[in-house]
Amino acid sequence: MAIIERPGTSTTPVVVTPQQTLGAVKRPVATKGWREWLFTVDHKKIGIMYGVVAMVFFIIGGVEALLIRLQLAMPDGQILSADKYNQMFTMHATTMVFLFAMPMAGAFANYFLPLQIGARDVAFPRINALSLWLLIIGGLVLNASWFLGGAADGGWFMYAPNSGPIFSPSHGVDFWVIGLQIAGVASLLGSINLIVTVLNMRAPGMSLMKMPVFTWMILVVQFLLVFSLPVITVALVLLMLQRSYGATFFDVSQGADPLLWQHLFWIFGHPEVYVLILPAFGIISEVLPTFARKPLFGYPFVVFSGASIGLVGFGVWAHHMFASGLGPVSVAVFSVATMAIAIPTGVKIFNWLLTMWGGKIWYTTAMNFAIGLVVLFTIGGLSGVTHSVAPSDTQQTDTYYIVAHFHYVLFGGMVFGLFSGFYYWWPKVFGKMLNEKLGAWNFWFMVIGMNMTFGPMHILGLQGQPRRMYVWTEARAGEGFFNLGFWNLVASIGSFILAVGVLFFLINVVITARSKQQAPLDPWDARTLEWLTTSPPKAHNFDRIPVVHHLDEFFHRKYEEDTATHTMKKVAEGEDLVRAEGDAADAHIHLPSPSYWPILLSIGVGLLGLGVVYGIPMMVIGFAITLFSAYGWVLEPSVAEEIDFEPSDNDGNTKEIAPLG
Amino acid sequence: MAETATHTADHASEHGHETSTGLTNNKLAMWLFLGSECLLFGGLISTYMLYRGRVSDGPHPMAIFDIPFTSVSSFVLLMSSLTMVLAVSSAQRGDDSRTNLWLTITAVLGATFVGGQVYEFTAFIREGLGFSTSLFGSSFYTLTGFHGIHVSVGVLMLLSTVGIIRKNKITGNKAEVVELVGLYWHFVDVVWIIIFTLVYLIPS
């Protein structure tokens, strides 16, 4: 962890003593081993940790899904009890949405957003670390419930009063409510941080309309989070007060309105859908032009349709509640709004198609996943439009047709986008290419598995199989083509094919990690600024802060237009450009310094939350740790101060904080 | 440090380097946070408005509210916004002792308001409005309690700022730190005006 670094010149590390902050506690200075990761504030290391955490939860959530499919493979399944089944589907959805999808998008955002805008870190590096640790604490609290009396069992939208103590007597829902509040604070802090980063820290010359689409989509997502997370926080607080402190918000015998929770949840829940999908849209908007070797078709349309999806996304929440008796006017309004939101989404689809149209398409694994997204998301999008028609939706509500729809958009859409990102950016992050041959196996198993799993669910749903039923019986399975048993079995087999596909990815990661072969600096002939640096990037990202003149700046530094033929001709290699940057490196680069406080503060918040279940003493301890860390945080300058370093010597040698073992 | 230093992250704003928007990182972040808080209170206020007439067997809002008392404590809170403005202006002139004086007065006014709220809560409980009595009770205590916690956090921030300024331990731009605390404080005041109007003044 270089605190002061002067690239390109030889360095003589000097041992320095960090200034004492808050009495006895000194700033951490380790540059090796686990301490480096635990106390880091480097957005790249934090991004990688986000990715690892999200992947672990992806596997946990995946195993939960497989157990669900095993239970439903045959009539009268015996794998899970009704109670365990409820916990399984609740935790599967919660884990996938809050602990896999959002953190994995966060991993990409954290890592690439500063790189794409030519910045050296995010606006608030310590808050960035705090977001990560709070997320981990939230995820641990959520999943600890498995071992502490049973997990939450009310479904991921946890409708109250159904989630009250009468129907969910275990502490599962309490852990769920606390865990999600903590994860919510993490996301809120993260989103504020990223918005400030994008709005304030772009490289000179990078106007908003010269920003990469991925950065744009992440920006839209962060605005969605800032304004939707507080609403679910209110819902969670109300439920927590009801379950643990005797409030009456959802007590129907007192005259409570059962729609209160539904409104609060879906005012958050629908923007959340776009929070999940827009990062994937951003990723493939980078991948498709790169591998079609054409600029993105209609960049402003892609940007503004993304922004309008975000905006309209706040006005369609009640389409999740058509079956609850909202009244004809509300239903009509939300129906129309929901149909309208398909328009900007369609605009995007056509822009991607026209990006590929006439391009010299290079079918890499990243490109395959991106094309997979376009196809599968369109299928899911079309079944989504059928939900906007209220009479049809009333038939489909709470059937497997809904499950089919949202898995096509979330798995076929979001997960495929994320996998496209893995293959595209792996050489950037780790300096090694993922194996393309294994990538092909990975892709085709996932495509086939995904369609076998979720395709039949359209039929199951329209035939009337309700979601969240832990068994189905042979007697009511129907006959012929529409036999429930047949399609349930197909879906279950499909889910294991899907799992094998994911396994190929994990094997690929291990093989790549062991291989010695380094990736070229610009393996894909890419277009955006994150490739204008070494792979993996140095701690300070860019030797020289780039000055931006074009959309797709990196591409325009490599290519120039041949005025005679109006074609783009390559005038420089990526390697040369990166080397040139290194030669013209900035003199002094200050990086934010590592800190103990983010991780300590999040432990305090975790204990504070657990105090809701385990009583006042734990709450007091948690509060004390939180307060102590907050003061430590405030009193510690985010960048080490001058007196932390040896005085500058005259020959201009670089000072670094030396490792203290 | 050499003049060529290239600062990053929140360091940049502390030293007044240019940002793309012209707002410092800290201030932009505070505005975003307050925007988010608007929806937090929006949700709580909506819940209260939905439930304020649902009193079950418990007391009716208009039967227990002591409007003159709450008006006085609201006035005290509003005056604290004035003293906060004076604190910010002293900080911008670099007058530490005045800044600390006004910050302390602001904190005292805020603490008076919280004290009034504690007194009000105990009075209501004596009159039979418990947290679990009715939907009105739950939503009233939750909404005003949330606001009270916000004021208390504000008081803590004000007093901490005084302490840190006095010990000369402040990191970053002093005037800006005071201004940020001020932004939060004014927001909490504005929210109270809305709560006071909707909860106390408009009859249910």
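This is a predicted model: local features need pLDDT of at least 70, side-chain atom pairs count only at pLDDT 80 or more; totals for chains, interfaces and linings use all residues.
1. Start with the interface. On chain A, 46 residues are in contact with 37 residues of chain B. Four elements of chain A each supply at least two residues of the side that touches chain B: α5 (172–200), α6 (213–245), α7 (259–292) and β6 (589–590). The most comes from α6(A), with 10 residues.

2. The residues of chain A that touch chain B divide into 31 nonpolar, nine polar and six charged.

3. Now turn to chain B. This chain has seven helices and zero strands. Read from the N terminus on, its elements run α-α-α-α-α-α-α. Its C-alpha trace spans about 75 × 35 × 25 Å along the principal axes.

4. Stay with chain B for its packing. Of its 204 residues, 39% count as buried. Take the contacts in chain B between residues at least 6 apart in sequence: 78% of these join residues at least 24 apart.

5. Finally, find A:Ala318. It sits in the loop between α8 (299–312) and α9 (328–356) of chain A. Is A:Ala318 buried or exposed? It counts as buried, because it has 22 C-beta neighbours inside 10 Å, and the cut-off for buried is 20 or more.

6. Check the surroundings of A:Ala318 too. Leaving out residues up to four places away in sequence, A:Ala318 touches A:Trp266, A:Leu326, A:Ser330 and A:Phe334. A:Val331 lies 13 residues from A:Ala318 along the chain, and their C-alpha atoms are separated by 7.7 Å.

Key:
Residues are numbered from 1 along each chain as its sequence is written. Chains are lettered from A and ligands numbered from 1 in the order in which they are written. Two residues are in contact if their C-beta atoms, placed from the backbone, lie within 7 Å. Ala, Val, Leu, Ile, Met, Phe, Trp, Tyr, Cys and Pro count as nonpolar, Asp, Glu, Lys and Arg as charged, and the others, Gly among them, as polar. A residue is buried if 20 or more other C-beta atoms lie within 10 Å of its own, exposed if 12 or fewer, and partly exposed in between; C-beta atoms are placed from the backbone.
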